[in-house]
Protein chains: 2
Amino acid sequence: MTGQSLGPVEPWAVRETELQVSRLGQYESVFALANGHVGWRGNLDEGEPHGTPGSYLNGMYEQRPMPPAEPAYGNPESSETMINVTNGKIIRLLVDDEPFDIRYGTLRSHERVLDLRAGVLDREAEWVSPTGSTVRVRSRRLVSFTQRAIAAIRYEIEPITERARVVVQSELVANEELPQETGDPRAAGAVNSPLVHEADEARADSAILMHRTRLSRLRLAVAMDHQVQCPGQVRHHVESRHDLARLTLSTVLQPGERLAMVKFVAHGWSQARSWPALYDQVEGALATAALAGWEGLLAEQREYLDRFWDRAGIEVDGDDEVQQAVRFALFHVLQASARAEGRPIPAKGLTGTGYDGNAFWDTEIFVMPVLVNTVPEAAAAALRWRHGTLDLARQRARELGLAGAAFPWRTISGRECSGYWPAGTAAFHINAGIAESAAAYAGVAADEEFEAAEGLDLLVETARLWRSLGHYDAAGGFRIDGVTGPDEYSAIADNNVYTNLMAQQNLRDAARAVHRHPGRAAALRANEQEAAGWLAAAQAMVIPFDERLGVHPQAEGFTDHEEWDFAATAQQDYPLLLHFPYFDLYRKQVVKQADLVLAMQFRPDCFTAEQMARNFAYYERRTVRDSSLSACSQAIVAAEVGHLDLAYDYVGEAVLMDWDDLRHDTSNGLHIAALGGAWMALVWGLGGLRRQGDQLRFAPRLPARLERLAFTVALRGRRLRVEATRLAARYLLMNGGEQVEIIHHGDRVVLLPGEPVSLPIPPVDAGPAPVQPPGRAPVPRR
Amino acid sequence: MTGQSLGPVEPWAVRETELQVSRLGQYESVFALANGHVGWRGNLDEGEPHGTPGSYLNGMYEQRPMPPAEPAYGNPESSETMINVTNGKIIRLLVDDEPFDIRYGTLRSHERVLDLRAGVLDREAEWVSPTGSTVRVRSRRLVSFTQRAIAAIRYEIEPITERARVVVQSELVANEELPQETGDPRAAGAVNSPLVHEADEARADSAILMHRTRLSRLRLAVAMDHQVQCPGQVRHHVESRHDLARLTLSTVLQPGERLAMVKFVAHGWSQARSWPALYDQVEGALATAALAGWEGLLAEQREYLDRFWDRAGIEVDGDDEVQQAVRFALFHVLQASARAEGRPIPAKGLTGTGYDGNAFWDTEIFVMPVLVNTVPEAAAAALRWRHGTLDLARQRARELGLAGAAFPWRTISGRECSGYWPAGTAAFHINAGIAESAAAYAGVAADEEFEAAEGLDLLVETARLWRSLGHYDAAGGFRIDGVTGPDEYSAIADNNVYTNLMAQQNLRDAARAVHRHPGRAAALRANEQEAAGWLAAAQAMVIPFDERLGVHPQAEGFTDHEEWDFAATAQQDYPLLLHFPYFDLYRKQVVKQADLVLAMQFRPDCFTAEQMARNFAYYERRTVRDSSLSACSQAIVAAEVGHLDLAYDYVGEAVLMDWDDLRHDTSNGLHIAALGGAWMALVWGLGGLRRQGDQLRFAPRLPARLERLAFTVALRGRRLRVEATRLAARYLLMNGGEQVEIIHHGDRVVLLPGEPVSLPIPPVDAGPAPVQPPGRAPVPRR
């Protein structure tokens with residue numbers, strides 16, 4: 001698994017120094033700007049060439065009918081797919097009547113830089129037109145973290161060698177033509193022309209287009225306004241039509257003269273609001289942006305990111321590439337979630353249409369642990385989004401004959417959108433993931449208001465789901481049969497260990513929540529008696545164990561299944577799902593992604609050290625990592641069992657997933673969960689962070705490659721700084737207040753505010769590292 | 001489960017004495033005429049009103065794209081659906097310019113009779129037109145068993161009270177408008193206007209329409225010719241267009257005068273043959289039919305059926321309704337298969353478009369046992385059809401990563417057409433069903449030519465499939481994991497007992513075939529060494545047993561699953577698949593249809609008497625019979641364990657499935673497998689017939705209701721007549737030749753040709769009968 005690496009190593013930026021048309025798609029994802037509400041792919045200002053043009057609004061989707069091959073009760077009849085909304089990024093340029101298009105003429109120089117602290121994407125290009133005019137184009141683009149609806153561009157054009165007639169066309173384009181779908185099921189289907197015109201208007205320097213989606217009936221408005229600076233006279237024309245609005249500026253520039261334009265673009269959508277209300281909302285946002293002005297937006301952006309890096313900063317001494325990549329990863333996790341506010345965090349963020357822009361369990365299991373520690377308000381918002389879909393999840397549970405709430409496997413609106421239930425609805429573990437996330441957030445952020453309200457609701461309704469989904473067998477064991485665990489190369493199995501252990505935690509956390517908040521619980525008709533039933537089920541939970549092999553089967557019967565014939569599997573047969581039928585994958589011992597290993601990541605308390613080591617070695621040998629969600633978990637458990645260099649190899653894979661385009665699909669959007677997982681791989685893995693009841697435990701240990709790892713985490717509303725070297729760890733409780741007890745390599749340690757504590761790191765010898773299937777070892781980073 | 005019963009009880013006919021528009025669909029299926037190649041639903045001559053117009057040619061299908069909700073490797077991209085071909089049945093009538101339509105005017109009398117010995121459908125109606133003219137219409141229709149391409153109608157019109165101007169329009173109609181699809185997944189989708197015009201021609205009394213299907217590119221030709229008798233002058237006009245050909249006859253008839261017309265309709269289709277070749281073929285068939293003439297066709301039909309009833313006759317003394325219904329059942333089994341010759345026997349025969357006209361495992365497991373004993377040449381043809389698809393099945397096995405051949409779960413052409421693989425491709429047991437059928441046919445018919453050729457190929461390639469599908473576990477057991485057994489309320493389970501026992505038999509039969517025919521085996525590169533591997537796998541086959549309960553789980557883990565909450569299930573919630581998601585059904589102990597019970601039916605040698613009784617009682621309590629394929633197996637095993645009255649209740653259900661429209665879907669076509677199953681329920685069930693190696697065993701026992709049961713079966717090319725009363729059984733080897741050994745209630749008995757042997761039937765006391773889920777007991781017939 002190797003792809004093409006991004007530009008030079010530097011601490012706070014991603015730089016592209018040469019434009020390769022074949023890599024446009026990858027860079028569009030890498031250079032995507034987003035704030036969790038608006039997302040702009042890193043398309044060139046002039047719109048083409050492109051990999052995929054992309055402008056997204058979180059929650060703005062179109063329904064896509066799923067005509068069933070063989071209909072069955074309870075299968076959804078349509079799915080939801082994120083659509084390409086009206087594109088406000090486009091600024092076309094004509095130089096002496098030649099369109100600025102890097103496919104023609106000569107591109108003398110090209111550079112794009114994503115600045116991770118400023119939160120802007122810069123571009124500078126020198127281009128010689130086919131007729132010989134040389135111009136320099138500079139643009140800077142941002143999607144504002146502080147003004148949720150706003151994106152803005154400063155665009156500048158300057159002739160270099162001779163006088164040039166220039167025309168700048170700044171546009172809004174709806175229903176852009178999109179590239180054809182590929183055969184890869186994981187890529188999203190492009191929905192063609194999803195927008196139906198409602199209104200358009202142009203006046204002075206501004207214009208607006210309003211549309212509505214055909215089936216989902218969502219209303220969309222995108223508006224633009226401009227500020228122009230130019231030494232000479234500028235001819236100016238603005239117009240609008242159904243799917244196009246355009247401001248045209250024409251002027252003549254001498255060498256050294258510059259036409260500069262700032263374009264503010266405001267976005268809005270609504271399911272409920274009327275035409276005039278949405279019109280006003282978007283125009284209002286535009287006015288606010290103009291009031292702040294370009295410089296104001298830049299300053300706000302920098303200030304927002306300074307606060308973010310203050311909390312999310314992580315120092316990786318000894319590996320500059322990983323240092324850079326993990327900042328890139330955190331930046332994109334932020335971009336996916338910062339201002340989502342009541343909307344999901346999709347698997348690809350707002351960087352591309354992979355997985356149809358749907359959100360999955362990734363959010364809670366791989367992204368939330370980062371947000372809880374770095375952007376807790378975004379973590380809370382993400383949980384409130386889930387909570388907002390609780391009624392839909394309750395309905396879905398009823399439809400499935402279950403109690404409580406059954407959250408969808410994939411969705412935008414909250415409705416189940418999975419067309420293949422064995423790897424969709426049957427993956428009930430997503431419900432435990434949501435519960436885990438709610439409990440973790442409430443504990444770490446000490447957000448009692450949330451805990452007593454949304455948190456309680458989520459815990460209670462998911463606990464009810466588990467209680468109704470499982471049943472007691474003749475021996476008194478509580479079984480959960482016929483479900484699908486995280487590993488998508490198995491399905492519909494009995495007593496999946498991950499599912500059962502996560503359900504067990506879910507039942508216990510819910511019981512505790514009911515005990516703590518009896519009043520709100522009563523409103524849900526939950527009480528101590530019901531909670532006692534949950535605790536009993538948790539206590540009786542069946543956890544299969546294979547005595548013969550001394551390992552846990554990931555689900556009942558797994559270790560009796562046939563071994564996958566790795567020797568007969570060529571490297572080009574990966575990912576296996578594109579070359580083998582599910583039927584074949586399901587019945588054999590081949591693992592797409594951490595499953596039992598994920599159980600050990602989240603519930604290390606349930607395994608002895610020996611079991612942990614044996615299990616890890618057993619599943620390493622059978623795990624092919626055809627999912628981007630695996631490397632981080634393997635890093636975490638490798639570190640837990642003492643294989644630190646292997647853990648670090650997996651850190652590298654997680655953090656470089658999109659950086660190196662390891663899966664050749666970064667053009668469909670970034671792997672947000674893998675990027676979040678990269679942080680987890682470092683902090684949970686090398687740092688040994690885990691939630692243990694209300695306490696945090698750490699077990700830092702560095703691989704040979706690293707000299708120092710430093711990060712901060714949230715701890716009941718305060719921040720704890722952790723610095724680890726090869727020999728010792730230093731803990732500093734940064735804010736005032738009471739003392740706090742943590743666990744360091746198994747020992748309880750009391751931390752007083754402002755008083756650092758240094759503790760030695762016990763040595764470990766885990767023996768020889770486990771092996772992976774042939775050709776599936778991670779790239780060494782030693 | 002009760003529907004609406006058919007007409008009066010009589011031994012050799014089905015009679016409709018009153019026309020109910022609401023039951024048109026049921027009667028169209030019941031009165032369908034077919035010969036396995038051409039099928040005509042029992043539509044009224046004048047075409048409407050109708051339930052579903054239907055004219056079918058076996059193998060004539062259109063492809064239907066299956067756009068996947070979530071594509072996956074190995075899923076078929078299109079399915080095949082039997083189409084309504086050019087309709088040659090239509091004869092419209094105008095009486096004094098009023099169209100004869102029973103929805104208008106007054107239908108003074110109506111009778112239709114399906115004559116099971118003559119093989120014709122008669123109709124007689126007296127109708128008063130809205131303007132007061134009274135006419136009598138008589139028609140007789142046949143689909144010829146002896147002339148495969150031919151159907152014919154004799155149509156007669158006679159005014160009763162006064163002189164009438166009559167116009168008779170005899171038509172061919174292509175691309176008829178079809179009723180809308182329902183929401184029931186088991187009903188077929190109508191493919192609208194599947195036929196593209198290629199040619200049409202009309203001359204003298206004949207006409208032809210030629211079309212081609214749009215996607216499957218199959219060529220179709222239907223032609224008609226007429227012979228007219230009339231006392232007066234007849235004006236005559238023939239014409240043809242793209243989708244219509246018409247002969248128009250006009251005359252004036254006095255009361256008592258009759259216009260009589262014989263219409264011959266010839267059918268042909270081909271994937272390969274040219275336009276002129278098919279044209280000639282159909283015109284040639286028409287010429288042959290005209291040569292035989294109407295009376296000739298009738299005589300041939302009667303003669304063919306006399307031979308059939310001679311072999312298939314079964315006498316059920318004590319229950320005239322079952323006597324009538326089982327003859328009806330046998331007649332339709334014959335109609336589905338008689339002249340299929342190289343084409344499948346679809347689940348609904350050629351009586352309707354249910355299940356898209358696809359063939360399933362039903363053919364081999366529920367229909368072939370009847371054919372082997374009654375129409376062995378049709379049994380051989382059905383197996384030759386499977387054999388003809390062997391290359392496609394080999395390709396499919398390769399696609400699935402398996403050796404040998406993997407036959408499709410549902411198909412018309414031989415390609416896999418299942419859109420839901422867990423209940424399609426994963427049901428590998430169909431391959432063992434085909435092997436069982438091939439071995440049974442070869443043994444019973446003593447067809448050594450077949451055994452050494454097609455039979456060997458089928459056995460070897462299916463044995464190879466099993467050998468590659470299963471694997472040896474650590475304890476040396478041979479496991480078959482992740483497959484779906486017959487019960488469609490479970491899927492993707494390990495070591496399904498039915499599958500494993502049938503695979504075991506398949507492996508053994510294949511090894512024996514290789515041993516017997518080493519030459520032909522060598523051509524398949526099969527030898528004793530490979531066969532030894534099959535025998536070893538068969539010997540090591542894992543058969544799970546639940547020691548705690550003392551029963552066999554139908555697959556591993558089944559008896560640990562949650563019990564279905566029958567108390568909370570209303571009768572209108574059946575069939576469960578329309579009201580509960582598969583997810584819920586799969587993980588609970590609820591059984592759609594005989595699975596472990598079917599294993600006991602086919603492999604009684606693998607169960608002790610106590611296991612058989614305990615297993616039967618266990619699964620009776622959990623089997624809901626939402627499939628029409630279940631009652632006959634439950635009858636057979638109920639009889640085996642001595643519950644004869646319960647067995648007979650199930651006989652009643654199987655044989656009356658369509659008679660009483662028990663499932664309210666007879667209008668979509670008859671349940672051919674249930675009709676075949678009815679014969680099996682009597683002969684395998686009450687007669688106790690089983691194949692035991694090359695021997696036949698019998699264990700006849702009658703329920704209280706019956707006085708006598710008599711039937712004949714094939715025995716190595718000869719016929720054996722079996723007559724059972726409550727006390728004794730009488731065996732008579734009817735043809736000359738060597739003596740034969742059979743088994744009667746466990747004892748070996750030698751039969752000499754022409755010398756009947758009477759043997760007492762040992763008494764049985766099976767104790768109280770097992771119970772079924774609430775409301776799911778069969779209707780008592782005691």
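This tour visits the interface of chain A and chain B and then a buried threonine of chain A. The model is predicted: local features need pLDDT of at least 70, side-chain atom pairs count only at pLDDT 80 or more, and totals for chains, interfaces and linings use all residues. Residues are numbered from 1 along each chain as its sequence is written, and side-chain values use heavy atoms, with hydrogens and water left out.

**The interface**

Display chain A and chain B together. The contact (heavy atoms within 4.5 Å) takes 44 residues from chain A and 44 residues from chain B. The buried area (accessible area, 1.4 Å probe, lost on putting two parts together, summed over both) is about 3,800 Å², with 61% given by carbon and sulfur atoms. Select Glu70(A), Tyr73(A) and Phe583(A), which supply 18% of the area that chain A buries against chain B, more than any other three residues.

Next, select Arg479(B) and Asp560(A). They form a salt bridge (a side-chain nitrogen of Lys or Arg within 4 Å of a carboxyl oxygen of Asp or Glu), with the closest N and O atoms 3.8 Å apart.

**Thr484(A)**

Now centre on Thr484(A), which is buried (under 20% relative accessible area, 1.4 Å probe, protein chains only) at 1%. Its side chain reaches the backbone oxygen of Pro422(A) at 2.6 Å. A polar atom of the Thr484(A) side chain also lies 3.0 Å from the backbone nitrogen of Ile492(A). Finally, show the residues that Thr484(A) touches, among them Ala426(A), Phe428(A), His429(A) and Thr499(A).

Note on methods
Chains lettered and ligands numbered in written order. Buried < 20%, exposed > 50% of the residue type's maximum accessible area, 1.4 Å probe, protein only. Polar contact = N/O pair within 3.5 Å; in protein donor to acceptor, adjacent residues only side chain to side chain. Lists of a residue's contacts leave out its neighbours within four places in sequence.
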